[in-house]
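Visitor: I am new here. Please show me the structure, then take my questions one by one.

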Amino acid sequence: MDPLTEVTISLPTRRATQRFGATLAACLTAGDLVVLEGDLGAGKTFLVRSVARGLGVPAETAITSPTFTLVNEYVAALPLLHSDLYRLGGAGELVELGLTDRIGRDAVTLVEWGDRFSAALGDEGLWLWLAYAEPGRTLRMEARGARGRALLERVAEKLELGSGSDDDVDDDVNDDGPF
Ligand SMILES: Nc1ncnc2c1ncn2[C@@H]1O[C@H](COP(=O)(O)OP(=O)(O)O)[C@@H](O)[C@H]1O
Ligand SMILES: [Mg+2]
């Protein structure tokens, strides 16, 4: 029974990314960390926006890249932190941002360019690697740690990817999410 640790999906359209964001939102629990990687324009902020909408942040609230503020917080079904660490000098500055004491606790934390600081972020969660593709984008999901694997299992189940022949073992057959 190998736990699912990696899944790659195609996101051929912006709409597909929005739908995936809604699915991910439905799977998130307080304390979860999601790291987003991918070239400029690959769709990191767009995906965060889709997740935020899925968590109930209203359309009137603009979800913009926190490139300069480094972290934005939104009131949603769960407190939502959106960070972009592209300009962060070093891991020491993470503490001042107030991210590290929210991960694993009350908030859902989505971090663009977080992989550079994975150790300081706790190295536990779901890593999303976005890449340009034809058409659209591809998304590779990588689970790290128990929390990341649990989140990826929930996402895969909602996407109906399952975990192959192993999914009869630890199946949580509860499928009453909002979708
Ligand atoms: N699956 C997709 N197919 C095509 N275009 C997409 C897809 N997902 C997002 N986009 C577009 O790609 C751009 C991504 O920009 P942005 O999210 O700011 O990128 P990043 O934060 O990675 O620099 C947006 O213009 C968005 O409309
Ligand atoms: Mg961005």
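**Questions at the model**

Visitor: Which classes make up the shell around ligand 1, and how many residues are charged?
Guide: The classes are set by residue type: Ala, Val, Leu, Ile, Met, Phe, Trp, Tyr, Cys and Pro are nonpolar, Asp, Glu, Lys and Arg are charged, and the others, Gly among them, are polar. In the shell around ligand 1, five residues are nonpolar and seven are polar. The charged residues number four.

Visitor: What kind of model is this, and how are its parts numbered?
Guide: This is a predicted model, where local features need pLDDT of at least 70, side-chain atom pairs count only at pLDDT 80 or more, and totals for chains, interfaces and linings use all residues. Residues are numbered from 1 along each chain as its sequence is written, while chains are lettered from A and ligands numbered from 1 in the order in which they are written.

Visitor: How many helices and strands does the protein have?
Guide: Helices (H or I, at least four residues) and strands (E, at least two) are DSSP runs, numbered from the N terminus. Starting there, the order is β-α-β-α-β-β-α-β-α-β-β-α. The count is five helices and seven strands.

Visitor: Which residues come nearest to ligand 1?
Guide: A residue is near a molecule if its C-beta atom, placed from the backbone, lies within 6 Å of it. Helices α1 (14–27) and α2 (44–54) each give the shell at least two residues. Of the 16 residues around ligand 1, the nearest are Gly43, Lys44, Thr45, Phe46 and Gly136.

Visitor: How are α1 and α5 oriented to each other?
Guide: Axes are lines fitted to C-alpha atoms, for helices over the stretch in contact, and angles run from 0 to 180 degrees between N-to-C directions. α1 and α5 (residues 145–158) pack at about 130°, with axes 9 Å apart. Angles under 35 degrees count as roughly parallel, over 145 as roughly antiparallel, 65 to 115 as roughly perpendicular and the rest as oblique. So α1 and α5 are oblique.

Visitor: Which residues of α5 meet α1?
Guide: Contact means C-beta atoms, placed from the backbone, within 7 Å. From α1 come Thr23, Leu24, Ala26 and Cys27. Their partners in α5 are Leu151, Arg154, Val155 and Lys158.

Definitions and conventions
Contact = placed C-beta atoms within 7 Å.
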